[in-house]
Amino acid sequence: MDLFEYGRQQESEKRAPLAARMRPRTLDEIVGQSHIIGKGRLLRRAIEADQLSSLILYGPPGTGKTTLARVIANTTSAHFEQINAVTAGVSDIRRLIQEAQERLGMYGQKTVLFIDEIHRFNKSQQDALLPSVEDGTIILIGATTENPSFEVNPALLSRSRLFQLHPIGEEDLMTLIRRALADEHRGLGAYRVEVEEAALQHIVRMAGGDARNALNAIELAVLTTDPDEDGVRRITLEVAEESIQRKVIRYDKSGDQHYDTVSAFIKSMRGSDPDAALYYLAKMIQAGEDPRFIARRVFIHAAEDVGMADPRALLIASAAAHAVEFIGMPEAQIPLAQAVIYIATAPKSNAVVRGINEAMEAVKKESRGEVPPHLRDAHFPGAKGQNRGIGYQYPHNYPRGYVPQQYLPDEHVGKTFYHPTDMGYEGKLQQFLRWMKGESGKGTDREN
């Protein structure tokens with residue numbers, strides 16, 4: 001690095017946001033994540049001994065993935081390279097691997113390659129890394145906010161240690177903010193600042209475990225607050241509320257938060273917990289989830305987990321789906337909430353699901369499955385000559401509109417696919433089906 005480049009870097013660091021300026025430079029400065037970098041932990045021992053193997057850092061934004069990589073860069077004797085998967089391509093990877101091979105061959109120096117947002121790499125880009133990771137030419141550090149099990153090549157993942165980072169705790173966030181307020185060189189210590197305790201607590205609470213979000217909020221609060229006659233910038237709760245606005249909801253529509261939230265939403269309705277179901281509904285709405293997707297999940301759940309225990313659930317789900325199309329958001333959140341509450345509190349039965357699954361299996365395994373002759377269509381010339389419809393008994397000619405006769409194909413006679421429970425309306429269906437199966441054809445023809 002020449003003097004001009006050094007100068008540009010220094011100037012860039014001065015203009016960087018507070019979160020970037022306050023990024024820890026040593027392991028002791030890191031706050032949080034003690035489960036992986038606390039005293040005596042494996043990762044900390046490996047960093048301190050400069051004996052790293054390839055690893056994947058997985059966690060939400062603002063939890064210290066890049067910070068940890070930078071600390072490793074400051075402590076390792078290996079050459080350190082950093083790229084971002086959003087802007088890098090296969091040609092960049094190949095160039096870095098070639099340079100790493102030359103560095104290892106000429107100087108015996110290893111190369112640590114940090115790839116931020118590694119989940120953005122496609123399969124071919126990740127495959128390009130594999131040989132060099134396997135033979136030790138490079139030590140890979142990948143950072144991702146998405147579940148590596150889904151987003152990282154399994155072969156690459158099997159050659160790396162996976163470390164999961166958690167959201168930063170509120171006490172640790174408070175420590176970071178106070179540290180930034182006191183630091184005169186990298187932080188806000190050059191300003192005379194007084195922050196109400198309630199304002200600090202609000203920023204911490206609304207940051208949602210994201211250190212970057214918390215530090216950027218306190219920086220905005222300080223820089224936009226004019227000093228009073230004593231030269232003090234006083235950060236009140238009102239200022240803090242304006243600075244952080246509302247909590248940033250972690251919700252990637254194609255990632256873990258999407259699938260986890262939807263899963264919890266469905267399971268809460270299935271588990272008859274309307275409060276939890278409403279919470280996850282609100283989370284999806286606030287995060288900008290497609291309301292039609294939500295309506296479809298509610299619709300499916302009404303049939304899958306309520307079923308015939310309360311057939312009205314399907315009608316209400318259908319009405320909510322129509323409201324989404326006809327009214328639109330935000331008003332449609334009300335009928336959606338009504339449908340969610342109704343379904344969560346309705347009696348539950350999955351007999352419909354089991355019934356159709358058993359029937360599907362029977363159809364797959366059957367040899368013929370021909371329709372019995374008396375049920376076949378007889379509304380065309382010559383049908384009766386083929387014995388079509390002969391012997392069919394019209395149910396409405398019998399008491400209670402029922403007469404026993406064969407409906408299933410010969411090879412399935414006697415099989416039962418629908419097994420009603422005694423829950424809700426399905427209990428009545430259970431009694432009705434038992435009555436039908438107990439009849440022995442004693443009905444009287446209404447014409448006699």
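**Notebook: loops, a helix pair and some rings**

I began with Asp 50, which counts as partly exposed because its relative accessibility is 26%. I was working on a predicted model throughout. Asp 50 sits in the loop between α4 (42-48) and β1 (55-58). I looked up its backbone too: phi is near 55°, a positive value in a residue other than glycine.

Next I turned to Gln 33, in the loop between α2 (18-21) and α3 (34-37). Its phi is positive as well, near 60°, and again the residue is not a glycine. Is Gln 33 buried or exposed? It is buried, with a relative accessible area of 8%; the cut-off for buried is under 20%.

Then I checked a proline. Met 329 and Pro 330 are joined by a cis peptide bond, and omega there is about 10°. I found Pro 330 in the loop between α17 (312-326) and α18.

I took helix α18 (residues 333-345) together with helix α15 (residues 274-286): their axes come within 9 Å and cross at roughly 150°. The two helices are therefore roughly antiparallel, since angles over 145 degrees count that way. The crossing of α15 past α18 is right-handed.

Which residues of α15 and α18 meet? From α15 I noted Pro 274, Ala 277, Leu 278, Leu 281 and Ile 285. On the α18 side they meet Gln 333, Leu 336, Ala 337, Val 340, Ile 341, Ala 344 and Thr 345. Sorting the residues of this contact, I got 10 nonpolar, two polar and no charged.

My last stop was the rings. How many aromatic pairs does the structure hold? It holds three, and I wrote up two that involve Trp 435.

Tyr 402 and Trp 435 form a tilted pair, 5.6 Å centre to centre with 55° between the planes. Tyr 402 lies in the loop between α19 (351-365) and α20 (424-438), while Trp 435 is in helix α20, so this pair ties together parts that are 33 residues apart in sequence. With 23% relative accessibility, Trp 435 counts as partly exposed.

Phe 432 and Trp 435 make a stacked pair, 5.8 Å centre to centre with 25° between the planes. Both are in helix α20, and because they are three residues apart, about one helical turn separates them. Phe 432 counts as partly exposed too, at 36% relative accessibility.

Putting the rings together, I have Tyr 402, Phe 432 and Trp 435 linked into a cluster by ring pairs.

Note on methods. Residues numbered from 1 in each chain as written. Predicted model: local features only at pLDDT ≥ 70, side-chain atom pairs only at ≥ 80, totals over all residues. Heavy atoms only, no water. Axes fitted to C-alpha atoms, helices over the stretch in contact; angles between N-to-C directions. Helix = DSSP H or I, 4+ residues; strand = E, 2+ residues; numbered from the N terminus. Parallel < 35°, antiparallel > 145°, perpendicular 65-115°, else oblique. Left-handed = near helix turned anticlockwise from the far one by under 90°. Contact = heavy atoms within 4.5 Å. Nonpolar A, V, L, I, M, F, W, Y, C, P; charged D, E, K, R; others polar. Phe/Tyr/Trp six-rings, centres within 6.5 Å; stacked < 30°, edge-to-face > 60°. Buried < 20%, exposed > 50% of the residue type's maximum accessible area, 1.4 Å probe, protein only.
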